[in-house]
Amino acid sequence: MNDSAELLKSLKIDRSAPPEPRKRWPWLVAAGVLLVLILAAGFFLRGQGGIEVRTAAAVPMSSGSAAVLDATGYVVARRMATVSSKVTGKVREVMIEEGQQVEAGDIMATLDPIDANAERSLARAQLAAARSQIDAAQAQSSEAAANAARLAPLARQQLVPAAQYDQAVAERDALRSQLLTAQRNAQVAADRLAIADNGVDNTVVRAPFTGVVIAKAAQPGEIISPLSAGGGFTRTGIGTIVDMDSLEVEVDVGEAYIGRVTPKMPVEAVLNAYPDWRIPGSVIAIIPTADRGKATVKVRVALDEKDPRIVPDMGVRVSFMEKAGEEAPPGVRVPAAAVASRDGKDVVFVLDTNDTVALRPVEAGITTGSDRQVLAGLKAGETVVLDPPAELKDGDKVRVARDAAP
């Protein structure tokens, strides 16, 4: 019984005794490790935070490309002709095809020469008849002259009547006049024969100059005429040829920038079909008239290279280059994508050393290709943001893309 009582006492809790101290150090260590991880993640995210952007450096206008103005236009030929016949006729044979090289004087087509041959045969017969009349008039004139010569001494000796001598002289003069008329008729017949020969030659269509055929406009059996005819059944040309040595470029330059273009100014032309091929050239002339509808002035440009790849009507972009020794244009050059618009003003975002951007108003100039001139508000060497997002603001933190230009 006593043993049971002692056992129950041992099971009672002594509330007066002080509690044993808890072991807190494992929790403190865990909290410290967690704090370190949070701080490390914060520093990592801080280094990687901000909007990712691409950047580029502002360079002086005279560095890199020396282009002061860009314009677009087309390749044109100064010598291009739609070749036709001089007479109306039916096409008998066409001897050209597109892309064929022809020399000056080469036969391009022939017309039916039946009518022309008949005209020439008639003119030849008329010339022969006129020449036979000359022979008859010549014989009669010679006889009359001899008769008058025999009667002259007899008339002086009064052996024959004076009237008989006068009649012989008149007959001689009349026959001489008839001989002169026959000779002139023969000359007219000869001229008519020459015209008839030209008529036959006009049935042959020849190339007026050396070039390349770019269009074939007629077929055998069709009627061709140098004059336009209604109804659409009469052709006005055999084909079109182009002198490839006369190719040049015509570009339209805005009125506001035409003052920067001068004759003999060097240029670089880039065909739309061959964007990596830069063709040197020079300004031939500035056409002294403006297009009031487009507010442009036409400029002729010569290409220094002749190449079969250059063909008429190709699109081309021309960069007008500054001449050696000329003062460089003012301002700096940046990619056109760096200039943005905020509240109707041109601005750029300049990258600072601590990866923040500063909004800076600028005075933008002309656009040359993919670049833009900045006249004021930016210095050479400063780094600008390309294609700044609409949400980017002054003082924002940014993250430069790895492939961005330094």
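Predicted model: local features only at pLDDT ≥ 70, side-chain atom pairs only at ≥ 80, totals over all residues.
**Entry: D70 and R317**

I picked out the salt bridge between D70 and R317, where the closest N and O atoms are 3.3 Å apart. This pair links distant parts of the chain, as D70 sits in strand β3 (residues 67–77) and R317 in strand β17 (residues 315–321), 247 residues apart. I then looked up how accessible each partner is. D70 has a relative accessible area of 18%, so I noted D70 as buried, the cut-off being under 20%. R317 comes out at 29% and is partly exposed.

**Entry: β13 and β16**

Next I turned to R300 and E248, whose side chains meet in a salt bridge at 2.8 Å, N to O. R300 belongs to strand β16 (residues 296–303) and E248 to strand β13 (residues 247–254), so the pair ties together parts that are 52 residues apart in sequence. Are R300 and E248 buried or exposed? R300 is buried at 17% relative accessible area, and E248 is buried at 4%.

I also found a salt bridge from E250 to K298, with the closest N and O atoms 4.0 Å apart. Here too the link joins distant parts of the chain, E250 being in strand β13 and K298 in strand β16, 48 residues apart. E250 is partly exposed, with a relative accessible area of 22%, and K298 is partly exposed at 33%.

**Entry: helix α3**

I wanted to check the length of α3, which covers residues 114–156. At 1.5 Å a residue, its 43 residues should span 63 Å, and I got 63 Å between the end C-alpha atoms, which agrees.

Which residues of α3 are buried? My list reads A116, A123, L127, A130, I134, A137, S141, A144, A148, L151 and A152. I looked up what these buried residues pack against, and the partner is α4 (162–201). After α3 comes Q158, and I wrote down its phi as positive, near 60°.

**Entry: T203**

My last stop was T203, in the loop between α4 and β8 (204–206). T203 counts as buried because its relative accessibility is 6%. Leaving aside residues up to four places away in sequence, I found T203 touching A109, T110, L111, D112, P113 and A116. One of these, A116, is also among the buried residues of α3.

Technical notes: Residues numbered from 1 in each chain as written. Heavy atoms only, no water. Helix = DSSP H or I, 4+ residues; strand = E, 2+ residues; numbered from the N terminus. Expected span 1.5 Å × (residues − 1). Buried < 20%, exposed > 50% of the residue type's maximum accessible area, 1.4 Å probe, protein only. Contact = heavy atoms within 4.5 Å.
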